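Me: I am new to this structure and would like to learn how to read it. Please take the features one at a time.

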Amino acid sequence: VSPIRKSTDNTNSNNSKYNPISNDLDENGLNDKQKVAENDENLDGTKEEDEDSKILKKIKGVDLKFAKNILVESSRDQDKVYWSDIAGLEQAKETLMETVVYPFLRPDLFRGLREPVSGMLLFGPPGTGKTMLARAAATESNSTFFSIQSSSLTSKWYGESEKLVRALFQVAKAKAPSIIFVDEIDSLLGKRSGDGDDDTSRRLKNEFLVQWSDLSKAAAGRVDDDEPPARVLVLAATNLPWAIDEAARRRFVRRQYIPLPEPETRMAHFKKLLSHTPNSLDDDEMQKLVDLTEGYSGSDITSLAKDAAIWPIRELGAKMLNLKEFEIRPISLADFERSMKNIRPSVNKEGLEKFEKWAKEFGSSG
Ligand code: ADP
């Protein structure tokens, strides 16, 4: 299993509501119509191979086996997330627009003093939408998305992970604009990674930092060039920001707190989740649901709604097999209340206070 992974999360089946032939451009600047045309011409897949071999020729000093693996994985990663799929988090979206989307879409404007940052950290409790934000930033900025799980670098790829990291950065540069999303960054750039006898994890951490600073140097060195620099952003996420090494922390110029959802965000999230399934909740009941779910994360809310949605069917047992869809009763507030007994907030108060303290001390404001 490769650490450069494809999203397997099906909870947000976002693409379904988009016209399958849309005008959204992909990372190569092609819209779906062009892609269909392109695919028609190349049923044997030669075009894609050509693209990949061009990329592989461009990159230097890298084990091609790893580079190929990364290319294959990133091209498989087609589940797009859009801003509109994410409930709330307006401030985080705005910051990402300014940090990634505008600079990537208009590299000519964002140079010199306006050079975009090369690292941004999203931190906060688990299940609050950090991964979704990263994916949406890639979609909205038409960039290639590379997603990497730190724990698999330090476990499965142990020993070879340095080569993988080197290849990852080179491929990302060749396919720029790119976003390298590193989940669980604390385990890659942790205070303890690299301490003591653990030579491999120290080398891995160093390799990552070297590759990353080469990016910023390359960008800064090309201010006077006519060609805008290749844009690559390291976007990292963590539930344990305090575990990140101090020097590494400073390299994330923007550190964005992704908190538990506010009442308005919970409302928007529930409305989105319920929009395609018959339910009997009126405005007052929706408000009650929002009040009852204080402390729930975005993923807790999704799990709760999924569980509540099963009750009308669950209680029918085998009878459901003979019923038409419209004969199933709508989901009610009582269903949510029943499900709340099992699905509890995954972050407690103490945990939350720790995040807030860290955000005050180290987070970017505004
Ligand atoms: P994180 O990376 O912060 O742990 P994810 O982005 O992976 O969280 O979110 C996990 C799941 O929770 C998502 O797939 C989605 O179903 C749901 N979710 C979390 N936050 C939101 C949100 N703001 N809007 C819509 N869905 C959300």
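**Reading the model**

Reply: N142 is partly exposed, with 16 other C-beta atoms within 10 Å. A residue is buried if 20 or more other C-beta atoms lie within 10 Å of its own, exposed if 12 or fewer, and partly exposed in between, with C-beta atoms placed from the backbone. This is a predicted model: local features need pLDDT of at least 70, side-chain atom pairs count only at pLDDT 80 or more, and totals for chains, interfaces and linings use all residues. Residues are numbered from 1 along each chain as its sequence is written.

Me: Where does N142 lie?

Reply: Helices (H or I, at least four residues) and strands (E, at least two) are DSSP runs, numbered from the N terminus. N142 lies in the loop between helix 5 and strand 2. Its phi is positive, about 55°, although N142 is not a glycine.

Me: Is E184 buried or exposed?

Reply: E184 is buried, with 20 other C-beta atoms within 10 Å. E184 is not a glycine either, yet has a positive phi of about 55°. Its place is the loop between strand 3 and helix 8 (185-188).

Me: How do I read the pairing of strand 2 and strand 3?

Reply: Two strands pair if DSSP finds at least two bridges between them. Here strand 2 and strand 3 (residues 178-183) pair in the parallel sense over six bridges. For F145, the bridge partner in strand 3 is I179.

Me: Which residues of strand 2 point which way?

Reply: T144, F146 and I148 point one way, F145, S147 and Q149 the other way, and all are buried.

Me: How do I read the packing of two helices?

Reply: Two packed helices are described by the angle between their axes and the distance between the axes. Axes are lines fitted to C-alpha atoms, for helices over the stretch in contact, and angles run from 0 to 180 degrees between N-to-C directions. The axes of helix 12 (residues 283-292) and helix 14 (residues 333-340) come within 10 Å and cross at roughly 10°. Helix 12 is therefore roughly parallel to helix 14 (under 35 degrees; over 145 is roughly antiparallel, 65 to 115 roughly perpendicular and the rest oblique).

Me: Which residues come nearest to the ligand?

Reply: A residue is near a molecule or strand if its C-beta atom, placed from the backbone, lies within 6 Å of it. Of the 19 residues around the ligand, G129, K130, T131, G298 and S299 come nearest. Helix 5 (130-140) and helix 13 (298-314) each supply at least two residues of this shell.
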